[in-house]
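Hi,

Here is the structure I said I would pass on.

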Amino acid sequence: MCLVEERLHYGQFVTPKLTRKAPIYDWYTFPHSFAKELVHQLLDEFDATPDTIIFDPFVGAGTTLLACRERGIPAFGIDQLPFSVFTSNVKIRNYNPGSLQTTFNTFKPLESIRQTFGKIPIIDKAFSDEAKKNILAIYGWTQTLPKKQADFFLLALLSILEKISQAVKSGGWLRIVENQVGPDDIEGLFRKQAQKMIDDIQGLNLPVVRQDIVEKNSPLTKQSTVITSKKSRQGARF
Ligand SMILES: C[S@@+](CC[C@H](N)C(=O)[O-])C[C@H]1O[C@@H](n2cnc3c(N)ncnc32)[C@H](O)[C@@H]1O
């Protein structure tokens with residue numbers, strides 16, 4: 001019996017390219033995210049139904065769980081990275097777009113926030129004092145909201161930080177560049193991203209299913225099928 005089978009035609013989906021253009025999936029992607037098309041084809045191949053429970057032990061940006069949600073298939077996942085757990089949970093939650101819009105219509109940066117960025121040397125190179133002040137003012141507003149909405153708008157803020165940062169990914173490290181996005185553009189970028197996320201929810205209208213993502217070492221639910229990827233030193237292995 002052959003336990004491992006090579007399916008080279010899936011190679012086209014083992015890249016974040018399509019994911020970076022797909023609503024909700026694109027709220028945040030990882031360099032090793034795969035495409036929802038891969039998950040949908042595997043679900044077909046496994047004859048998955050709403051009675052199947054899918055498990056992804058290396059959730060990353062939550063592609064597997066979100067694709068399962070599109071099909072009304074319950075799924076749960078794990079990741080050791082708290083940011084990955086946060087991002088993926090924000091993507092798979094059930095929202096009321098009308099109530100998000102009502103909240104967003106009241107958006108106003110909170111100038112008097114006491115929170116700071118903490119003493120991380122790279123942060124001072126990545127963001128000017130003015131940029132940090134404007135980011136914190138938006139963060140401050142998110143923290144006045146109920147948890148679910150706070151997380152939603154916080155992800156909108158986190159997902160624009162790469163555009164604002166003067167530290168950009170370069171191979172395995174960061175490179176400092178002169179950024180074209182000025183501190184005064186931050187609020188506009190946030191508004192655009194938050195509105196896009198609300199529109200995505202309205203547009204997709206996903207079915208409600210049981211899904212959850214937890215950090216490593218949490219007790220497992222019984223699963224029937226595993227769909228995952230794991231980062232290795234050579235790149236993504238699937
Ligand atoms: C390649 S990413 C998964 C990408 C995902 N398939 C997607 O489409 O977004 C691999 C994930 O595995 C997580 N990971 C690696 N080793 C782990 C471990 N031992 N336990 C839990 N999670 C782990 C990493 O934090 C990372 O988020």
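**Helix packing and the sheet**

Let me start with the pair α2 and α3: they pack at an angle of about 10°, with their axes 9 Å apart. Helices here are DSSP runs of H or I with at least four residues, strands are runs of E with at least two, and both are numbered from the N terminus. The axes are lines fitted to C-alpha atoms, for helices over the stretch in contact, and angles run from 0 to 180 degrees between N-to-C directions. α2 and α3 are therefore roughly parallel to each other (under 35 degrees counts as roughly parallel, over 145 as roughly antiparallel, 65 to 115 as roughly perpendicular and the rest as oblique). L65, L66 and R69 of α2 make the contact with S88, K91 and I92 of α3; two residues are in contact if their C-beta atoms, placed from the backbone, lie within 7 Å. By type, the residues of this contact are 3 nonpolar, 1 polar and 2 charged (Ala, Val, Leu, Ile, Met, Phe, Trp, Tyr, Cys and Pro count as nonpolar, Asp, Glu, Lys and Arg as charged, and the others, Gly among them, as polar).

Before I go on: this is a predicted model, in which local features need pLDDT of at least 70 and side-chain atom pairs count only at pLDDT 80 or more, while totals for chains, interfaces and linings use all residues. Residues are numbered from 1 along each chain as its sequence is written.

Then there is α1. The axes of α1 and α2 come within 9 Å and cross at roughly 60°, and that makes α1 oblique to α2. On the α1 side K36, V39 and H40 take part, and they meet T63, T64, L66 and A67 in α2. That contact divides into 3 nonpolar, 3 polar and 1 charged residues.

How much of α2 is buried? 7 of its 8 residues are, where buried means 20 or more other C-beta atoms within 10 Å of the residue's own, exposed means 12 or fewer, and partly exposed is in between, with C-beta atoms placed from the backbone. The cover over those buried residues includes α1 (36-45), β1, β2, α3 and β5. After α2 comes G72, with a positive phi near 70°.

Now the sheet. It is open, with 4 strands in the order β5-β2-β1-β6 and parallel pairing; strands pair if DSSP finds at least two bridges between them. β5 (211-215) and β6 (225-226) are the edge strands, each pairing on one side only. Helix α2 (residues 63-70) packs on the sheet and touches β1, β2 and β5, its direction making about 170° with that of β2. Helix α3 (residues 82-92) also packs on the sheet, touching β2 and β5, and its direction makes about 170° with that of β5.

Parallel strands β1 (residues 54-56) and β2 (residues 75-79) are joined by 3 bridges. I54 stands opposite A75 in β2, and F55 has F76 as its bridge partner. β2 is largely enclosed by the rest of the structure, as 5 of its 5 residues are buried. A75, G77 and D79 point one way from β2, and F76 and I78 the other way.

V177 is exposed, with 11 other C-beta atoms within 10 Å. Leaving out residues up to four places away in sequence, V177 touches Q166 and V168.

Cheers
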